[in-house]
Amino acid sequence: MSGLLDSPLAVVSAGVPLFADAAQAQAVPVTRVDWRPPEPGTEQDLARVMGDPRREEANRTAVGRLLSAGAELVDVRPAAEALGLERGSFLHAGPPIDRERASGPLRGALIGAMLLEDLAEDPAQAEQELAAGGIGLDPCHHHRTVGPMAGVVSPSMWLFELRDPQHGGTAWCSLNEGLGKVLRYGAYGPEVVERLRWMNDVLGPLLRTAVRSHGPVDITSIAAQMLQMGDEGHNRNRAGTLMFLREVLPGLIDSGAPAADVAEVARFVAGNDHFFLNLAMPACKLATDAARDVTGSTLVVAMARNGTDFGIQVSGTGDEWFTAPANTPDGLFLGSYGPLDANPDIGDSAITETAGIGGFAMAAAPAIVRFVGGSVSDAIEATQLMYDITLAESTTYQIPVLEFRGTPTGIDVTRVVRTGLLPHINTGMAGRVAGTGQVGAGIVNPPAEIFPAALRALAAAVPV
Amino acid sequence: MNVVEVRRRSYHDSVTLMQVSRTVAGVEGVVAAQVAMGTELNLDVLRGMGFEVPEGVGPADLVLAVQAADEDALVRARAATEAALAASWSGGGDTGLGTAPAARTVGAAARRTPDATVALVSVPGQHAFSEAIDALEAGLSVLLFSDNVPVEQEIRLKDEGARRGLLVMGPDCGTAAVGGVGLGFANAVPSGPVGIVAASGTGAQQVMCLLAGAGVGVSHCLGVGGRDLSSAVAGRSTKQALAMLDADPATELIVVVSKPAAEEVAADLASYVDGLATPVQFAVLGRGRPDLTAAAARAAAAAGVAWRDPRSWPAAADSPGRYRRLRGLFAGGTLCDEAMLIAADLLGPDAPVRSNIPLDPSLALGPSLDAEGHLMIDFGDDALTRGRPHPMIDQRSRLDRLALEAARVADGAAGEGSVLLLDVVLGHGAHPDPAAQLAAAVAAALRTAGDAGRDLAVVLSLCGTLDDPQGLERQAEAFVAAGASVHLSNAAAARHAVDLLEVAR
């Protein structure tokens, strides 16, 4: 039987303070819960899902897979080859969207990608083609791919190819272009397209050579180390980028490519503090994909935004998206940009928070707290609150200032609904108007209503 | 023997690994040990120490190199490595910099309190299930105060608890005492040989207080919730609580306090009890059955203690035979039940007692909670506590009714007086000083009636012990000074109230 009668009494108390007070008055240790009622109307669904006898084991399985996944960079190759992406087809970030509802930055990125693919002579023609509906549009997530911000992938773009040695999954992500006027933030000027061409012609092929000569590069290990070096893997990737460069640099130098190209590649990677983001994201995608499709599991396996809608997918509800209009991030702005210039939340990069880093590891990145979270104590609190909505603590990613506690990992729909605490997401901000580029960075929450919506679907799937 | 083991892709920072190495090197029978990431530098150090490093080890791999005296020492070194690595993850306990915000769920709080044994859940009933199941999944037994929890949720919780060897006390369980600590509404009773299983909160409090008054202590009191012995719930928690008390070395006698069980549940329970090593007595309220005071006396006898009747204080100015109506205003449901059973028995079928928790459905009070003749109201009933505190905590509903009854007597005809029967429950969780307002209200009521030349008597059932924080003596004296008669036995209070009535003469 339980140790109730033979161990010293220690109490957790939720509800009326009187009972906690009475226990405390008798010298019993009491941990009080700051309990708040969930959103009205969710009671039935919560009771149904919480009472699902499959839930606990299903969540243990799902989050176990998420935690045990690894990620190795095994190749770099064009999307046409890796994904079979055909001319005229494009991938985008977030849940599915049709072109009528596409946001400014997504339109801008598509225009830039059409120019890159020589599908239009100039932006005006690209816009006409776009309006005429002549192109194919599909979410990255539907192709085991993730893309930051607009997340537009076109056939000629080169992708990182990552494999999970534990579960055998594969995931892809584009190469990071840097900050400012870049395609993923919706810019499509000549300098943007020119950079993309260079990435296709020089950066991609050289990285391929380097990675192939190096052999699989352990991305999980770099990500684990970067969290102890002040990165959180979403809005700060500086240490990760340099560690990655350290891995591939010998292979680049050895590649036989012209020294000027090698130097340019090294300069480009080292000069782009976010280069590693596009490796952290597919690493997280591998982990969350490993946790998909566990019947009865309430684990969130994707959070993604397309600039119009924010969507989540849940392990126990398959490929269904639960979406609502995306919020606009709160943060700091570049130059003379202000809140009115910002587009609503966009990008697949919230896959990092879904896998337990990024905003969930905010306490690991005190260097950027002023940029995205206010004070250092706000950052620590942001991470600490996330433990209450997650199923586990990472066994890979640790936070030194929390005594090396594992990061909060595996968002549980029931815990989000029960607590009303929404996932804390670090993010960049794109300009609302197509062609603008980046206007700032900050923090954002998902729209609250998608979690009760997912809960409803989970409740409907509970066997009677 | 020199052994090198590699764990692929297992990153730990070098400071942690230096600590781990030191721990492993200190293990008995270990000559030298190095636990490190497989960087070139570290591998060179290992080679320098005489270890043979396997091919293909990289900086992302963890290398455990041990020079051990024998196989046993190696096993110990492996275990020490695991333990030291595990300890390097602080888990939920240590919060590091800053103060952790309060946990938002029972599960989160339980993870932060690794030695927690029980969760007290008193959130509104429609939300209680989630928190309770969360507690069970975190390995905690549950005391579920919340009422208005659907019966199918109760069954699900109790089955889940049984599967995990955890006890679900409730829902609607107000009272428990574990190892001398009162949880919820509980009196300060000495520890002793009697274990109590309580499907009735105030019933258990009454039995414990009367036992304490007789000098008999209690080992544990495990609540099970008022519905546990219904057909639907079928004694799930009662059986589990009986088994726990049976296994408890401090418990020599078990008393099950409840309202009448469903027939098949009672039969099932009787055979279950036969299989236990500890003797079990049932204190089951019902027509023709012994009252709780008699049950306490029987338990005291079994414990080998001489019984003396619980104390009472007479009122100064009662006028037996001059009252027509009996009006019970209760905070404790079981105390109300017991009083009704006694009154119904003494008054007979011609003088029915109506109630919001009637002995017979035909005697139900409507929503006005009012009727001519005798009535007894349980102000702690689910229907009357929705959205407001329990009358054991907040006396407002009873204060209002007391004034109303007094005014009615004052305004009524001569010879139409009433006897008011009230309970006051002391102990942890209850109102810190019930007499402060209630005794004043009693005095005012008696004055109202007296000033009008009408007859009113107040009889008080006081459930408490000398060690209760409110002070039993002080409370009793305040009510006596206000003009009430006070009885520590609820059954005695009910009998005295009936004795005062005209019909009983």
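# Exercises on a predicted two-chain model

The helices α8(A) and α11(A) cross with a left-handed sense, where left-handed means that the near helix is turned anticlockwise from the far one by less than a right angle, and right-handed that it is turned clockwise. This is a predicted model, in which local features need pLDDT of at least 70 and side-chain atom pairs count only at pLDDT 80 or more, while totals for chains, interfaces and linings use all residues. Residues are numbered from 1 along each chain as its sequence is written, and chains are lettered from A and ligands numbered from 1 in the order in which they are written.

**Exercise 1. Describe how α8(A) packs against α11(A).**

Step 1. Helix α8 covers residues 219–226 of chain A and helix α11 covers residues 277–290 of chain A; helices are DSSP runs of H or I with at least four residues, strands are runs of E with at least two, and both are numbered from the N terminus.

Step 2. The two helices pack at an angle of about 115 degrees, with their axes 10 Å apart; axes are lines fitted to C-alpha atoms, for helices over the stretch in contact, and angles run from 0 to 180 degrees between N-to-C directions.

Step 3. The pair α8(A) and α11(A) is therefore roughly perpendicular, given that angles under 35 degrees count as roughly parallel, over 145 as roughly antiparallel, 65 to 115 as roughly perpendicular and the rest as oblique.

Step 4. From α8(A), A:I219, A:T220 and A:A223 meet A:L279, A:A280 and A:A283 of α11(A), contact being counted if the C-beta atoms of two residues, placed from the backbone, lie within 7 Å. By class, this contact of α8(A) with α11(A) holds 5 nonpolar, 1 polar and no charged residues; Ala, Val, Leu, Ile, Met, Phe, Trp, Tyr, Cys and Pro count as nonpolar, Asp, Glu, Lys and Arg as charged, and the others, Gly among them, as polar.

**Exercise 2. Describe the packing of α5(A) with α6(A).**

Step 1. Helix α5 (residues 104–116) and helix α6 (residues 123–132), both of chain A, pack at an angle of about 110 degrees, and their axes lie 9 Å apart. That makes α5(A) roughly perpendicular to α6(A).

Step 2. The crossing of α5(A) and α6(A) is right-handed.

Step 3. Residues A:R107, A:L110, A:I111, A:M114 and A:L115 of α5(A) meet A:P123, A:A126, A:E127, A:E129 and A:L130 of α6(A), and the contact has 7 nonpolar, no polar and 3 charged residues.

**Exercise 3. Work out which parts of chain B touch chain A.**

Step 1. The contact takes 65 residues from chain B and 59 residues from chain A.

Step 2. Among the elements giving two or more residues to the side of chain B that touches chain A are α4 (106–112), β4 (118–122) and α6 (151–164) of chain B. The largest share of that side, 8 residues, comes from α5(B).

Step 3. By class, the side of chain B that touches chain A has 33 nonpolar, 22 polar and 10 charged residues.

**Exercise 4. Locate the backbone features at A:A27 and B:P171.**

Step 1. Most residues other than glycine have a negative phi, and most peptide bonds are trans.

Step 2. Phi of A:A27 is near 65 degrees, a positive value in a residue other than glycine, and A:A27 lies in the loop between α1 (17–25) and β2 (30–32) of chain A.

Step 3. A cis peptide bond, with omega about 5 degrees, joins B:G170 and B:P171, and B:P171 is found in the loop between β6 (168–169) and β7 (175–178) of chain B.
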